[in-house]
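Student: I would like to learn how to read a structure like this one, feature by feature. Could we go through it together?

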Amino acid sequence: MPASFKVGLIPRDGDETIMEETLDPDFGEAAIGRVAPVDSGLWWIILLRAYGKYTGDLSLQERVDVQTGMKMILKLCLADGFDMFPTLLVTDGSCMIDRRMGIHGHPLEIQALFYSALRCAREMITPEDGSLDLIRAMINRLIALSFHIREYYWVDMKKLNEIYRYKTEEYSYDAVNKFNIYPDQVSPWLVEWMPDRGGYLIGNLQPAHMDFRFFSLGNLWSIVGSLATPEQSDAILDLFEAKWADLVSNMPLKICYPALEGEEWRIITGSDPKNTAWSYHNGGSWPTLLWQLTTACIKMKRPEIAQRAIEVAERRISKDRWPEYYDLKTGKFIGKQARLYQTWSIAGYLVAKQLLRNPEAAQILTCEEDFTLLEARSLLEASPRRKRGHKSLKKPFLV
């Protein structure tokens, strides 16, 4: 799915004096770093469902070419491979953070969008002989993915203390420290930053590596799509309230926290001059995230948090001419390379305002807890360890 389209002009066949507009899709060939987008196809599925729920017109999603498009995206994401995790393996720069920021592997943002897209597609895929295997694969992946994220990506003060006391080099099916995480990975900033009340889903998890950075979009969309449990969702919003000065401050909303600095910034970003500390994707503030925050708050029946963030933005965003992003730890400066009158900054604000006026409209984007998946997850958690050589699962996942 292209990340963007460029409008071009070509002469009309038979009359070169008349120019016609064309759309030139970019699949990454023209992108900075030539990285193909992963998130655009997932967003397309999510918004396709939203369009149908809002208009009541299901004819678009039932069209043969649209059904084919959904199936192609899903088959690509669900394809068998060497990766044994239920999470989606992607390269750096393949999502909203589209420059090198050390998010390669299994970044939370992609997992949240992946889960939400699977939930949405499950409602829209026409059940027929050719799609039954795909639907089964989607359900199996939803069960494994939600268990994996809820169990291993979650961190709060209690979990942090458990990680701090982890034993390493555990070789067994019953190991507590399944990914061989070394306690020294718990950074001093996190120990000081983590509030007693609240928690969040970490940015990434791989063997011997936990990226403890807080990524706003991944956490907010985990609430919207019910990838996080209701208790975890409330705790994420508790964190926003507890760390308001860090995540909102003068302009909502920090894309990630904290920023990469010094030698770590040089190594991980490749000395990216645009992603300096507290700028752009490296801890910059993005007003477009207001609509995701508002959707999550409405779902959890806590709209006052979104209202407060919108009031912060309204103090200056119009006077500042709707910048793409803001710089500094407090979001005090307009981004040094920020485009003005940025479409998605304006759209994010407008959608957030309209959602607060009409909270029921948020239901076109949200997914409630699926109790059939929840029951299957409970069975997965309660089941004894499978014996070696057991063949009941067609595709195993490390959960």
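Student: Is Glu-314 buried, partly exposed or exposed?

Tutor: Some ground rules come before the answer: this is a predicted model, in which local features need pLDDT of at least 70 and side-chain atom pairs count only at pLDDT 80 or more, while totals for chains, interfaces and linings use all residues. Residues are numbered from 1 along each chain as its sequence is written, and side-chain values use heavy atoms, with hydrogens and water left out. Buried means under 20% relative accessible area, exposed means over 50%, and partly exposed is in between (1.4 Å probe, protein chains only). Glu-314 has 34% relative accessibility, so this residue counts as partly exposed.

Student: Which residue does the side chain of Glu-314 meet in a salt bridge?

Tutor: A salt bridge is a side-chain nitrogen of Lys or Arg within 4 Å of a carboxyl oxygen of Asp or Glu. Here the partner of Glu-314 is Lys-353, at 3.0 Å from N to O. This pair links distant parts of the chain, with Glu-314 in helix α13 (residues 303-314) and Lys-353 in helix α14, 39 residues apart. Helices are DSSP runs of H or I with at least four residues, strands are runs of E with at least two, and both are numbered from the N terminus. Lys-353 is partly exposed too, at 23% relative accessible area.

Student: How many salt bridges does the structure hold?

Tutor: There are 17. One of them joins Asp-65 to Arg-63, whose closest N and O atoms are 2.7 Å apart. Arg-197, Asp-234, Asp-238, Glu-241 and Arg-302 are linked in a network of such bridges.

Student: How far apart in helix α11 are Glu-263 and Arg-266?

Tutor: An α-helix has 3.6 residues a turn, so residues three or four places apart point the same way. Glu-263 and Arg-266 are 3 residues apart in α11 (residues 262-269), and therefore about one helical turn separates them. Their side chains meet in a salt bridge of 3.0 Å, N to O. Glu-263 is partly exposed at 47%, and Arg-266 is partly exposed at 40%.

Student: What span does helix α3 reach, and what is expected?

Tutor: The expected span is 1.5 Å times one less than the number of residues. With 14 residues (64-77), α3 reaches 20 Å from its first C-alpha to its last, close to the expected 20 Å. Its buried residues include Val-66, Met-70, Ile-73 and Leu-74. The buried residues of α3 pack against α1 (39-55), α2 (59-62), α4 (108-124) and α5 (132-152).

Student: Which residues touch the most other members of the largest nonpolar core?

Tutor: In soluble globular proteins, nonpolar side chains tend to be buried together. A nonpolar core is a set of buried Ala, Val, Leu, Ile, Met, Phe, Trp, Tyr and Cys residues joined through side-chain atoms within 4.5 Å. The largest one has 116 residues, of which Ile-45, Leu-74, Tyr-200, Phe-212 and Trp-221 touch the most other members. Helix α4 gives the most to this core, with 11 residues. Contact means heavy atoms within 4.5 Å. Neighbours within four places in sequence aside, Ile-45 is in contact with residues including Met-70, Ile-73, Leu-74 and Ala-117.

Student: Where does Gln-342 lie?

Tutor: Gln-342 is in the loop between β10 (333-334) and α14 (343-357). Its relative accessible area is 19%, so Gln-342 is buried. Leaving out residues up to four places away in sequence, Gln-342 touches Trp-322, Pro-323 and Glu-324.
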